[in-house]
Amino acid sequence: MPGKLEGKTAIITGAGRGIGRGIALLYASEGARVIVNDLGVSVAGEGADNSPAQQVVNEIKAAGGVAMANYADVADMDQAEDLIRQALNEWGQLDILVNVAGILRDRMVFNMTEEDWDAVVRVHMKGTFATTRFASLHWRQRREGGRLINFTSGSGLFGAPGQPNYAAAKMGIWGFTLSCARALGRYGVTANSIAPGAATRMTDTVPDERRLGGAPVRAESAEGTERDPANIAPTCLYLASDEGGWITGKCFGVSGYRVTLYNNIAPQVVLQGTEPWKTGVLFERFPQAFGQAIPESERPKPAQAPA
Ligand SMILES: NC(=O)c1ccc[n+]([C@@H]2O[C@H](COP(=O)([O-])OP(=O)(O)OC[C@H]3O[C@@H](n4cnc5c(N)ncnc54)[C@H](O)[C@@H]3O)[C@@H](O)[C@H]2O)c1
């Protein structure tokens, strides 16, 4: 049986480890020619190492697949352009771009430095934009469609208190993905985002006491379990395939064996006036209009005394 991505070419960023690696391996096993991009940095985005990307390429080749390594920093415009060019020069086309590369620098908002804010926003938001910028140019010229899959996070969707930079960047990616879905639809390109959950070196950085839902699975013992990062890849395969072409502008939560379609943000309750709001009128109408929609459990608690 032919693979689901036979004849396609794909770039997966941050594919030297974790979730991206799982996607690269699955895409290659389904017939895609794959560029495995990874700068090989620490979780905080420091250093550089060619070996993670090269190792995944070696694995793909050993299994009979076709792959090339790329060591670009995705947030550098020139390097991002070269990454897309690598696929075009070698294979003449790019069908699928999956933006997975990411870093973490967790701090509470009152302790966040400018440097930690900028570094995280840069890799996630600018890195997702930079590669998409050059891929979309190709898709617009080629008019044969394309698939864009970007990585957002529950951190932004639910608001993780210790990750203000990451939450903001990940919601930025979600808005960017929606914009791409609207802009590139006429060229046959779909754009969707994934909010994953898997045990990787990234989740290993979360202190045990801050974990929701049970004992943590460490990255090194995740293989073959529900928390295996490889479990994110099948949904990315569906969205990248010809069969998945009916879905665009959507966000899927993927964790273990569960796939969740999230609602896009939409109006919930509308308070419509007929003239500029007078203070007394608005103060009366606000609780009347929105009170039922915001239950007690979602309302702010009083400030706590210092411990
Ligand atoms: N693991 C989870 O539960 C989880 C949850 C929510 C979101 N995510 C997102 O999923 C994606 C993958 O995360 P992971 O858990 O596999 O992490 P990971 O650290 O295992 O993999 C990320 C990879 O990105 C690479 N990278 C970082 N900066 C780069 C850059 N500038 N250019 C190129 N490569 C770069 C790293 O070297 C690393 O190999 C990230 O975008 C992350 O934010 C993960």
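A crossing of two helices is right-handed if the near helix is turned clockwise from the far one by less than a right angle, and left-handed if anticlockwise.

**Figure 1. Crossing of helices α3 and α4 in the predicted model.** Helix α3 (residues 77-91) passes α4 in a right-handed crossing. Their axes (lines fitted to C-alpha atoms over the stretch in contact, with angles running from 0 to 180 degrees between N-to-C directions) come within 8 Å and cross at roughly 40 degrees. The two helices are therefore oblique to each other (angles under 35 degrees count as roughly parallel, over 145 as roughly antiparallel, 65 to 115 as roughly perpendicular and the rest as oblique).

**Figure 2. Residues in contact between α3 and α4.** Met77, Ala80, Glu81, Leu83, Ile84 and Leu88 of α3 meet Ala130, Thr131, Phe134, Ala135 and His138 of α4; contact requires C-beta atoms, placed from the backbone, within 7 Å. By class, this contact has eight nonpolar, two polar and one charged residues (Ala, Val, Leu, Ile, Met, Phe, Trp, Tyr, Cys and Pro count as nonpolar, Asp, Glu, Lys and Arg as charged, and the others, Gly among them, as polar).

**Figure 3. The shell around the ligand.** Two or more residues each are given by α1 (18-29), α4 (114-142) and β6 (189-197), where helices (H or I, at least four residues) and strands (E, at least two) are DSSP runs numbered from the N terminus. The largest share, three residues, comes from α1.

Residues are numbered from 1 along each chain as its sequence is written. In this predicted model, local features need pLDDT of at least 70 and side-chain atom pairs count only at pLDDT 80 or more, whereas totals for chains, interfaces and linings use all residues.

Definitions and conventions: A residue is near a molecule or strand if its C-beta atom, placed from the backbone, lies within 6 Å of it. Two residues are in contact if their C-beta atoms, placed from the backbone, lie within 7 Å.
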